[in-house]
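Q: I'd like to learn how to read a few features of a protein model. Could we go through them one at a time?

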Amino acid sequence: MSSFFRQEVDAAIDCLLMQQIILYPTDTVWGLGCDAEVPRSVEKLYKIKGRPEGKPSIVLVADLKMLTRYVTEIPEGLEAALAAQTRPTTYILPAAQHLAPQLVGPDGTVGLRIPQDEFCHKLVLRLGHGLVSTSANLSGEPTPATFASVDPRVIRSVDYVVNWRQDDTTTVAPSRVVRLGADGQLEVVRE
């Protein structure tokens, strides 16, 4: 692990612990993030994005153990689905708990994803809490796949811009979103 990588993780963690908003490369697109357990931070992030209330954001978690902190029960088939996934996948799960209320859907669900990306995984692991992951665009505008496509207004409005992978031009689609049914079957919400 390079010292630049470590410095960027440390700087982002310092901001997150101070309840600030970061602009960072996720395992999919460039995103806005904050501690998912701090309502004031989530409110600030939604204000930056111009995101309407009642439209929850995805939360990144480090592993299955952290995921269990935010749901009251693990649906049958989740572990198998996680093991079988071949691309970034967000799972809409019931009975959300311990999260800022803005992140919980009207039906009491939350979208959780375990990132395979080393930078995101290290961030979430070090934070020790879920990390909000919403695309770094103003509401209604195109999703920025690369740092170069992030709106300058968004860049100016955050507390910290992560320098890691800013020159990366590789594009990855937003995550697949699935709902896990009571029978363990996956229902695709967004391919």
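A: Gladly! Let's begin with aromatic rings: rings of Phe, Tyr and Trp (its six-membered ring) pair if their centres lie within 6.5 Å. Keep in mind that this is a predicted model. Ring pairs here join Phe-4, Phe-5, Phe-119 and Trp-164 into a cluster.

Q: How many aromatic pairs are there by this rule?

A: The count comes to 5 aromatic pairs. One of them is Phe-5 with Phe-119, an edge-to-face pair with 5.7 Å centre to centre and 90° between the planes. This pair links distant parts of the chain, since Phe-5 is in helix H1 (residues 3-17) and Phe-119 is in helix H5, 114 residues apart. Both Phe-5 and Phe-119 are buried.

Q: How is the pair of Phe-119 and Trp-164 arranged, stacked or edge-to-face?

A: Planes under 30 degrees apart count as stacked. Phe-119 and Trp-164 have 15° between the planes and lie 6.4 Å centre to centre, so they form a stacked pair. Phe-119 belongs to helix H5, while Trp-164 sits in the loop between strand S7 (160-161) and strand S8 (176-180), so this pair ties together parts that are 45 residues apart in sequence.

Q: Is Trp-164 buried or partly exposed?

A: Buried means under 20% relative accessible area, and exposed means over 50%. Trp-164 has 22% relative accessibility, so it counts as partly exposed. Phe-119 has a relative accessible area of 1%, so it is buried.

Q: Next, a charge and a ring: where does the charged end of Arg-51 sit?

A: It sits over the ring of Tyr-46, 5.7 Å from the ring's centre.

Q: Now cysteines. How many disulfides does a search of the whole structure find?

A: A disulfide is a covalent bond between the sulfur atoms of two cysteines. The search of the whole structure finds 0 disulfides. For Cys-34, the closest cysteine sulfur is in Cys-15, 12 Å away, which is too far for a bond. Cys-120 is in no disulfide either, as its nearest cysteine sulfur, that of Cys-34, is 14 Å away. Cys-34 is buried, with a relative accessible area of 1%, and Cys-120 is buried at 0%.

Q: Which residues does Pro-115 touch, leaving out those up to four places away in sequence?

A: Here contact means heavy atoms within 4.5 Å. Pro-115 touches Asp-27, Leu-60, Val-61, Cys-120 and His-121. Pro-115 lies in the loop between strand S5 (110-113) and helix H5 (118-127), and it is buried, with a relative accessible area of 2%.

Conventions
Residues numbered from 1 in each chain as written. Predicted model: local features only at pLDDT ≥ 70, side-chain atom pairs only at ≥ 80, totals over all residues. Heavy atoms only, no water. Helix = DSSP H or I, 4+ residues; strand = E, 2+ residues; numbered from the N terminus. Buried < 20%, exposed > 50% of the residue type's maximum accessible area, 1.4 Å probe, protein only. Phe/Tyr/Trp six-rings, centres within 6.5 Å; stacked < 30°, edge-to-face > 60°. Lys NZ or Arg CZ within 6 Å of the ring centre and 35° of its normal. Disulfide = S-S within 2.5 Å.
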